[in-house]
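User: I have a structure open and would like to go through it piece by piece. Can you take my questions as they come?

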Amino acid sequence: MRLDVLFVNGRFATLDPDRPAAGRLGVFAGRVAGLDEELDGLTAEAVIDLGGASVVPGFNDAHHHLSMRGQRLIELDLREARVATLGELYAKVAERAAALPPDAWITGGGYDQNKLGGRHPTREALDRAAGGRPVWLQHTSCHMGVANTAALARMGFAHVEDVPAEIPGGTIGRDAAGLPDGLLTEQAQGLALRVLRPVAVEDFIDGIALASRAAASEGLTSFTEPGVGQGLAGNGAWDVAAFQEAVRRGALLQRATVMPGSPNLHYVDDGWFGLDLGVGTGLGDDRLRIGPVKLFSDGSLIGRTAAMCCDYEGEPGNHGLLQEDEETLHGFIVRAHAAGWQIATHAIGDHAIDVVLDAYEDAQARIPRADPRHRVEHCAVTSDAQVAKVARLGVIPVPQGRFISELGDGLLAALGPERSLGCYRQRSFLAAGIVLPGSSDCPVVEGAPLLGIHDLVNRRTASGALFNPAEALTAEQALRAYTVGSAYAVKEERYKGTLSRGMLADFVVLTDDLLTVAPERIRDIGVLATAVGGTFIHDSAGFGR
């Protein structure tokens with residue numbers, strides 16, 4: 001046997017309990033052919049010396065909007081690092097406006113009202129900044145955004161007085177005079193998205209390419225895209241075809257599992273519930289697969305729209321909202337479960353989590369299935385009883401460690417000190433025997449897996465406050481979440497997650513040993529190279545020269 005490539009002089013942390021460490025790794029047809037003495041006597045087309053560097057299995061983000069990340073890279077960047085005040089935000093809008101034709105859209109994203117003095121941009125201020133051009137600025141959570149008057153006109157409202165008072169499953173903000181202030185939350189965002197999406201196919205693929213290159217430099221080898229097609233998290237009816245084209249062109253460097261949004265499922269012949277031709281979870285290959293169906297139950301915690309059992313701190317009467325009524329959510333879950341789908345439901349607030357878990361339990365009771373492995377995306381605010389129920393039902397919670405540093409101060413403000421103790425639990429899930437994946441929800445926050453691992457271990461907010469330190473993980477637990485756990489979350493653990501013989505040869509070469517470096521230095525570790533199937537998709541160290 002002649003290997004395709006033999007990697008030598010590496011310090012491989014395999015995460016395989018039968019062989020936790022190795023110095024050599026052989027690759028044949030994109031898979032791990034063997035390690036160390038298993039390779040004795042074999043030759044290879046190429047031998048690559050890793051110079052004694054530390055190597056871990058490829059990072060896998062269980063909830064990463066790669067295509068949306070790409071569009072954010074094209075749009076106006078309003079994250080805290082770029083915009084510190086509302087005044088600076090309006091100045092950025094004015095600067096962009098000056099470079100555009102009079103009728104061109106100004107789109108941007110990433111602002112957080114919690115970091116702008118607690119205030120969102122307003123319709124009238126955006127009118128002044130944009131010089132008559134339509135503006136749509138999406139909140140960092142992607143659960144709300146602000147439109148100016150010209151944008152509302154493009155949505156079909158010639159006069160602001162014509163904007164409806166409410167939208168089912170969403171809200172429309174009002175100013176002191178009772179007129180729309182431009183803030184559209186949850187399903188009300190559909191007013192904007194129906195005129196802005198889908199973006200042109202070539203622009204969509206270009207965005208995938210931009211985001212994919214950035215993610216490769218961060219060590220990402222696999223990800224799950226939570227929402228393609230019609231719906232709040234998707235782009236358009238041809239999204240999967242665009243991902244296929246990105247793979248064909250070599251523009252998509254990672255392995256992708258895509259979740260169709262719930263609006264894309266419908267009844268087909270003989271009562272089958274799914275995509276056209278009966279397509280369901282699992283279709284595809286190790287480069288691009290159809291994963292769970294994605295649906296929304298509630299909103300955002302920092303945006304204070306997540307459905308809670310109790311009012312938000314300092315906001316009597318506001319306990320968030322469900323995007324659809326309980327009966328509708330429940331019915332969809334039962335139908336999708338009956339048709340064999342894995343289901344991934346966005347649920348952040350404790351009330352929404354109750355609704356979703358009850359529906360999962362009822363669906364399984366009605367139509368028993370072996371290992372449906374349904375998911376709760378974010379699963380942010382949970383009681384001990386809910387953690388126990390997640391474990392009993394075999395559900396996968398998908399929390400985001402990176403939220404703690406970037407959004408943690410806003411989370412603490414929304415919940416208050418006592419209720420925050422149930423927010424973004426990690427160790428509690430592991431202690432209950434639950435498999436924990438690693439994820440970022442990028443571009444809501446930065447997507448680099450090492451930053452996510454850092455926050456899973458350190459749990460400090462941007463202001464330096466400790467955030468439930470009892471829920472902190474060890475570095476190894478965090479690494480397993482971003483590898484083994486994320487593969488398990490989409491039923492791919494048979495061929496992803498460890499560097500074992502027969503597994504996909506996806507790995508990351510690091511500047512330091514993730515498992516032994518001081519916890520506070522994890523975020524400083526660099527990525528020297530990223531390999532998918534034994535081929536480098538990023539190689540800043542020049543190993544492959």
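**Backbone, helices and salt bridges**

Analyst: Let us start with E186, which is found in strand 14 (residues 180–186). Note that the model is a predicted one.

User: What is phi of E186?

Analyst: Phi of E186 is near 50°, a positive value in a residue other than glycine.

User: And is E186 buried or exposed?

Analyst: E186 counts as buried, because its relative accessibility is 0%.

User: Where does K491 lie, and what is its phi?

Analyst: K491 lies in the loop between helix 14 and strand 24. Its phi is near 60°, again a positive value in a residue that is not glycine. With 25% relative accessibility, K491 counts as partly exposed.

User: Where are P198 and P443 found?

Analyst: P198 is in the loop between helix 5 (190–196) and helix 6. P443 is in the loop between helix 12 (427–431) and helix 13.

User: Take helix 13, then. How many of its residues are buried?

Analyst: Nine of the 10 residues of helix 13 (residues 449–458) are buried, so the helix is largely enclosed by the rest of the structure. The buried residues are P449, L450, L451, G452, I453, H454, D455, L456 and V457.

User: What covers them?

Analyst: The cover includes strand 8 (59–61), strand 15 (220–228) and strand 24 (507–510), along with strand 25 (527–532). Helix 11 (402–419) and helix 14 (475–489) are also part of the cover.

User: What follows helix 13?

Analyst: R459 follows helix 13, and its phi is positive, near 50°.

User: New topic: helix 1 and helix 6. At what angle do their axes cross?

Analyst: The axes of helix 1 and helix 6 (residues 201–217) cross at roughly 100° and come within 7 Å. The two helices are therefore roughly perpendicular to each other, because angles of 65 to 115 degrees count that way.

User: Which residues meet there?

Analyst: From helix 1, the residues are L66, S67, R69, G70, Q71, L73 and I74. In helix 6 they meet D203, F204, G207, I208, L210, A211, S212, A214 and A215.

User: Which residues form a nonpolar patch on the surface?

Analyst: L73, I74 and L210 form one, with about 240 Å² of accessible area together. I74 lies in helix 1 (residues 66–74). I74 is partly exposed, with a relative accessible area of 42%.

User: What about L288, buried or exposed?

Analyst: L288 is buried, with a relative accessible area of 13%. It lies in strand 19 (residues 288–290).

User: What is L288 in contact with?

Analyst: Leaving aside neighbours within four places in sequence, L288 is in contact with V240, F243, Q244, V247, A256, V258 and L283. As for A53, 235 residues apart from L288 along the chain, the two C-alpha atoms are separated by 30 Å.

User: Now charges. How many salt bridges are there?

Analyst: A search of the whole structure finds 32 salt bridges. In one of them, the side chains of R2 and E45 meet at 2.8 Å, N to O. R2 lies in strand 1 (residues 2–8) and E45 in strand 6 (residues 43–49), so this pair ties together parts that are 43 residues apart in sequence.

User: Which residue forms a salt bridge with E406?

Analyst: R402 does, and the closest N and O atoms are 3.0 Å apart. E406 and R402 are four residues apart in helix 11, so about one helical turn separates them. Both E406 and R402 are buried.

User: And K496, which residue does its side chain meet?

Analyst: The side chain of K496 meets that of E492 in a salt bridge of 2.8 Å, N to O. Both K496 and E492 are buried.

User: Which residues do salt bridges join into one network?

Analyst: Salt bridges that share partners join R19, E37, E38 and R501 into one network.

Notes: Residues numbered from 1 in each chain as written. Predicted model: local features only at pLDDT ≥ 70, side-chain atom pairs only at ≥ 80, totals over all residues. Heavy atoms only, no water. Patch = residues over 30% accessible without salt bridge, like charges linked within 9 Å, V, L, I, M, F, W, Y side chains within 5 Å. Areas by Shrake-Rupley, 256 points an atom, 1.4 Å probe, with all protein chains shown as cover. Salt bridge = Lys/Arg side-chain N within 4 Å of Asp/Glu carboxyl O. Buried < 20%, exposed > 50% of the residue type's maximum accessible area, 1.4 Å probe, protein only. Contact = heavy atoms within 4.5 Å. Axes fitted to C-alpha atoms, helices over the stretch in contact; angles between N-to-C directions. Parallel < 35°, antiparallel > 145°, perpendicular 65-115°, else oblique.
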